[in-house]
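Trainee: Please take me through this model, and for each term tell me what rule stands behind it.

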Amino acid sequence: MQRDTLVSFEGVVKRFGTFVAVQKMDFEIRKGEFLAIMGSSGCGKTTTLRMLAGLEAPSEGTIRLSGKPINHLPTWERDTPMVWQSLALFPFLNVRENVEFALKMRGVGKAERRRRAEQWLDRMQILEFAERNIAQLSGGQRQRVALARSLVVEPEILLLDEPLSALDAALKVRMQAVLKNLQRETGITFVYVTHSQSEAFSMADRVVIMSRGRIEQIGSPQEIYGAPRTRFVADFLGSSNIFTGPVTATSGQGLEISTKDGPVRLAGPVAAMPGQGAEATITVLDTKTHLSVARPEGDVNVLPVRVIGEEFIGATATIYAETDSGHEIKVQKSHDELASLPISAGQPLFAWWSPSDSHHVGAA
Amino acid sequence: MQRHVSLYGLTFSLPLLIWQLLFFVFPLAFLVALSFWTVKNFAMRPDFDTVNWVTMFSRPVFWQAYGTTFALAGGAALLTSVLAFPCSYAIAFKLSDTARRWAVFLMVIPFFTSYLVRVYSWQIFLSDNGIFNVMLGWIGLGPFGMLNTVGATMVGYLTLSFPLVVLLQLFSLVFIDRTLIEAAHNMRCGRLRTVFEVVIPSARVGLTIAALFCFILTFGDFVSPVYLGGGDPTTLSILITDTTKSGQQWPRAAVIALTMIATLLVVAFLAVRFAYKGRSK
């Protein structure tokens, strides 16, 4: 089902002096979705959010909200509440007054204001702190106040600028669940800016990955994880082994490139098939890459490697190895799967995977 | 718990302690003692008599002067704060970093010249045939009696305290978290309303302290009420000089001075309490 478009960016450019923060951006935000905008610092993700909130004016292009251009609207005439990284709670107001603020600005009467504020405080499970000062609250409680303050006006869209970055890991996961549930229950469109892959991928329906002011890929977390569209995305996610080289063979059923360590094949349909001899990049997820002592038989890509070391991450481990030419290959496995392998630095092994697990990304 | 007074700490706090004793505690103690002395035949005698306190507090002229001085200082604190705020707001939020440094420098320059000189130069502008009246005469107005009025005293008070109030306000305004202002805008709070809803509450401590400094400076000022206000109405500082001149009544002057100090202590205490009200440590 095609959902309605709530926000559209049409050829939006943002320059600060000679620095181009956002270049020619075209994308849409659908009504009721949880959209994460992800990228490393300076990629333009926060600028994008601030343009939507009306805190920065686009240098070129049009931003539409519900079909109407909003470029010329100052932020105080838009209904695009935002949750700041610093939360930006007013220290001179108590919790309830903070939540009532936006209602007061809309001219809502005192009794009604109080009722609605308390309703949201209750929903966020912080009603008991209503008369406290902001300074007396913990990080998680402040987070809830900030959310209540923005949601009390029941907006169509909520903008969040790295709101969880100051929390410790356990609290972060807890707040992720709060956010996700809140979004599902209210149906409000969430636009969530973050540099954290785990935050974006665990909450969002769709993820926008940005780099140097450009959108690299838009898609569901599964799509992006399984099929990074550009070399940047594959690198950024860090979960793929990446091979680049000239194309030596193409067919309707795949392609082959030549690397310093030997041929790497891809089996399956390829959108935008590169020409013979052109530079192409093939990736394979580290979870789909295997290691063995004996050279595997059959229709697989095989590269001889030497173990560099391993890294434990909870139930899984990542083995780092390198080919003769020094190309790094990582393999993620559960501890059980690794039990039979001799893993010590310098150990020669074979890295292999099925060509049907190979994935072609656009050049660059 | 045992308390240690380290020799190191003592050495470095000693100058402050000595300074406090020499220039504050001793003179104050002397002033208190003096207020109980008596005067006979134009000569002061050490004594312990409450007569000076009773005499001064039962004189309507004293309470009149007290009321005038308090009202003038309160009015100056309010007027200066209101006039200085747009100025410090503009310097804090509308200027570039370089321009802001220049503005601060320009605010410091008035302190290079004596306050008395600046007040005298106001006479040249405000007197009956002064610069303002001559200019008004060109368009057929006036002359207006501007010198020796309460308005002229206020001009003097502004001259005294305006740059300081701007600087004090500025220091609290520049430290306001800009995201608070953005957040207010984001919640439909327009520009002007944000000043009242967010900027002023955020800078409350600095704004109150600035007004307090203005009150303290003007409450004890002698120069402006005499040279611009013409000594009428009488303020407490004028009353002090009059009292000392007439019959060597230094003990009565001490009563006035001590009343002023007590007033300032109470006002300062209330102002600081107001400034930090509702703030948790």
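**Terms and values**

Trainee: How many residue pairs in polar contact are counted between domain 1 of chain A and domain 2 of chain A, both at pLDDT 80 or more?

Mentor: The count is 0, where a polar contact is a pair of N or O atoms within 3.5 Å, within protein one able to donate a hydrogen and the other to accept it, and residues adjacent in sequence count only if both atoms are side-chain atoms. This is a predicted model, in which local features need pLDDT of at least 70 and side-chain atom pairs count only at pLDDT 80 or more, while totals for chains, interfaces and linings use all residues. Residues are numbered from 1 along each chain as its sequence is written, chains are lettered from A and ligands numbered from 1 in the order in which they are written, and side-chain values use heavy atoms, with hydrogens and water left out.

Trainee: What area is buried between these two domains of chain A?

Mentor: About 890 Å² is buried between domain 1 and domain 2 of chain A, with 69% from carbon and sulfur atoms; buried area is the accessible area (1.4 Å probe) that two parts lose on being put together, summed over both. The domains span residues 5-226 and 231-362, with bounds from an automatic or database domain assignment. Their contact (heavy atoms within 4.5 Å) takes 13 residues from domain 1 and 8 residues from domain 2.

Trainee: Why is the pair A:Arg50 and B:Glu182 called a salt bridge?

Mentor: The rule asks for a side-chain nitrogen of Lys or Arg within 4 Å of a carboxyl oxygen of Asp or Glu. The N to O distance here is 2.5 Å, so the pair meets that rule. Across the interface of chain A and chain B, 3 salt bridges are found, whereas domain 1 and domain 2 of chain A have 0 between them.

Trainee: How much area do chain A and chain B bury between them?

Mentor: They bury about 2100 Å², 59% of it on carbon and sulfur atoms. In chain A, A:Trp76, A:Phe92 and A:Met105 lose the most area to chain B, together 34% of what that side buries.
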